[in-house]
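Please look through the sequence and the model shown here, and keep both in view while reading. The paragraphs that follow begin with a single pairing and then widen to the whole chain.

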Amino acid sequence: MNDNSQLVNYEDITESQRQTWSDGDFNEIARQNVVMAEALVEAVDPHPRERVLDVACGSGTAALVAERRYCEVTGIDYVPGLIERAKMRAQANGQEIDFCVGDAQDMPFPTDSFDVVLSVYGVQFAPDQEQAARELLRVCKPGGKIGLAGPIPEGWSADWFAAHAEYIPPPAGVQSPLRWGTDEGLEELLGKGVRSIENTQQTALQYYRSVDHAVEIFSTYFGPTIRALEELGAADKERLVGDLTAVMSRYNRATDGTAIVENQYLQTIATKE
């Protein structure tokens, strides 16, 4: 792969992303990610007292799942509001988790700090993918495991983000997060630092009262959708909502007027050298 680090201002792009993900309330979206976090933690199988890091943790979903095994868990995200929500969730559950504000591309942890490093629909969105991958490998102990759950280049996630990109193109020079959802991309990003990579395509179902309710949830709480709707004129805004409704309808498996949206994603377990 070509190195675009000298051509792309990752710092500015990261800050723009941080502001976008600060809009709305991603915790309302993350409720649909619990099933992915539970499946990932089960696959990685951290044991009690092992040190676990949830990277780009959002409101702490994977961290909360891992802590239930009495692991020593840390969560990091660059959106302060989400870290505060994660702390509230942990406190309400009586769970002790160290949540902190920080960037997946420059984590404030010593090398070889964690037995397990997790990320559920998180690190995949870091603009400097090579640097984010280096950080995952750096903070993971030798022989430790990196567990990822993320979007793939087909299915609901791909169509959902493609609908947004038609109206608000992604920054020039930044590779798609869908790269993390391919065997080739993961080999490029992690292959040199791991002894094995196991990829398994999984299915997660998202539940809503209706297709319109699903679109309303994202329009109200999902930063990228909120930002797009704010920036578009009336006609394009209407078209985008129509396109998002079509995507939700395409993957809706319910036949009773509700919405059960099928999301195919990739579960990755990489073992560090």
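Which residue in β7 is the bridge partner of Gly147? The partner is Ile269. This is a predicted model, in which local features need pLDDT of at least 70 and side-chain atom pairs count only at pLDDT 80 or more, while totals for chains, interfaces and linings use all residues. Residues are numbered from 1 along each chain as its sequence is written, and side-chain values use heavy atoms, with hydrogens and water left out.

Strand β5 (residues 140-151) is joined to β7 by 7 bridges, and the two run antiparallel; two strands are said to pair if DSSP finds at least two bridges between them. Strand β6 (residues 194-208) also runs antiparallel to β7, with 14 bridges joining them, and within this pairing Gln201 stands opposite Leu266 of β7.

Seen as a whole, the protein has 11 helices and 7 strands; helices (H or I, at least four residues) and strands (E, at least two) are DSSP runs, numbered from the N terminus. A compact globule of 273 residues would have a radius of gyration near 19 Å, and the 18 Å found for the protein agrees with this; the radius is taken over C-alpha atoms, and the globule rule is 2.2 Å times the number of residues to the power 0.38. Along its principal axes, the C-alpha trace spans about 50 × 45 × 30 Å, and 53% of the 273 residues count as buried. Among contacts (heavy atoms within 4.5 Å) between residues at least 6 apart in sequence, 78% join residues at least 24 apart.

Two single residues show how these terms apply. Thr14 is placed in helix α1 (residues 10-22), and Thr14 counts as buried because its relative accessibility is 9%. Leaving aside neighbours within four places in sequence, Thr14 is in contact with Tyr78, Asp103, Gln105 and Pro127. Gly81, by comparison, lies in helix α5 (residues 80-93) and is partly exposed, with a relative accessible area of 49%. The C-alpha atoms of Gly81 and Phe26 are separated by 9.6 Å, although these residues are 55 residues apart along the chain.

Notes
Buried means under 20% relative accessible area, exposed over 50%, partly exposed in between (1.4 Å probe, protein chains only).
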